[in-house]
Amino acid sequence: MNTRFLETFVILAQLRSFRATAQALHATPAAISLRIKTLEEELQTELVDRHSKDFRLTANAEYLLGHAKAVVDATRRLQAAAHKDNAVRGRLRLGVIESVVHSWLAQYIRELNALYPEIEVDLAVDMSNVLERRLRARELDLVIQVEGVESSDIVSEALAVYPLHWIARKGLLDPRKEGLNQRLLQLPILTFGRGTAPHRMLEEIVSKMANLAMVPLEQTRITCSPSVAAIVQLMKDGYGVAAIPSLFVAGLLDSGEFIELPVQPEPPSIIVSMCFHSNAEMLVHAAANAARQSCAGYCAQVDPRYIKSLG
């Protein structure tokens, strides 16, 4: 449907004259009449009562007038938005989990600055449940966290998967000896912050492993930390075994200082998602697009055993 014809109908209803409408729209009365007839054919209803001596809209036209005005107003707002100054500028309140900090955040910030030098980034690093709460409260504009947000008002898009493995300092546990699972359960098990999705999944796995290995669950120890750096340092010190993405210790695995333990079941992978309000400003959509590209670019440069793009 031609919105210009709807606009003609709205103006005709206001001016109540084909001649006056033609003057207002810099057209001829015949052209205005043709537009209205075309619109009537598309809507399959009469809009002007042509049996009346005076100008009069039909009852159907009076009913449809409000809808037509809404379409015309929406069209004008769309046109105004398209012709606004499209420079992306302003303050972006960005929230990320630490897993992103230790992978593709630096690349993302560099690319964001290069693409949109007038964006000012306020960065918050926290656990997913905190980031989600702040996003819902509109304290953050864009968050990158574990899993998406269940809300019709928020856009969630999975960006990457981080496979998790059982990792330990070489020599802490000999994987060739019998009873590896039982020996692992005797050590502290390091993972992400308490209450996070990886922590909850690990609790279930440890419970099943303890049951199969006939180890009392109360004798198992799960040590939580929101800091990847702290977990890695504790592993270096021989404190315990970690259930974390191998990506964070890839160099130590390559050097042989750390090893992946063939323990089953392996912890489930982490899926990192990007979330923002559906009615967010243009700068947020621009930043989200840059995040999508940066994450995919980073994943393309890294061994897929460590991280895989979902974009």
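In which sense do strand β1 and β2 pair, and over how many bridges? The views below come from a predicted model.

**View 1. Strand β1 beside β2.** Strand β1 covers residues 90-96. Its pairing with β2 is parallel and runs over seven bridges. Within this pair, Leu-92 lies opposite Val-121 of β2.

**View 2. The six-stranded sheet.** This sheet is open, with mixed pairing. Its strand order is β2-β1-β3-β10-β4-β11. The edges are held by β2 (119-125) and β11 (308-309). Each has a single partner strand, so one side of each lacks a neighbour in the sheet.

**View 3. Helix α7 on the six-stranded sheet.** Residues 128-136 form helix α7, which also packs on the sheet. Its contacts are with β1, β2, β3, β4 (154-162) and β10 (270-277). Relative to β3, the direction of α7 makes about 150°.

**View 4. The five-stranded sheet.** Five strands build an open sheet in the order β7-β6-β8-β5-β9. The pairing is mixed. At the edges stand β7 (221-224) and β9 (258-261). Each pairs with a single strand, so one side of each has no neighbour in the sheet. From one strand to the next, the twist averages 35°.

**View 5. Strand β5 beside β9.** Strand β5 comprises residues 164-169. β5 and β9 run antiparallel and are joined by four bridges. Ala-168 stands across from Ile-259 in β9.

How values were computed
Residues are numbered from 1 along each chain as its sequence is written. This is a predicted model: local features need pLDDT of at least 70, side-chain atom pairs count only at pLDDT 80 or more; totals for chains, interfaces and linings use all residues. Side-chain values use heavy atoms; hydrogens and water are left out. Two strands pair if DSSP finds at least two bridges between them. Helices (H or I, at least four residues) and strands (E, at least two) are DSSP runs, numbered from the N terminus. Contact means heavy atoms within 4.5 Å. Axes are lines fitted to C-alpha atoms, for helices over the stretch in contact, and angles run from 0 to 180 degrees between N-to-C directions.
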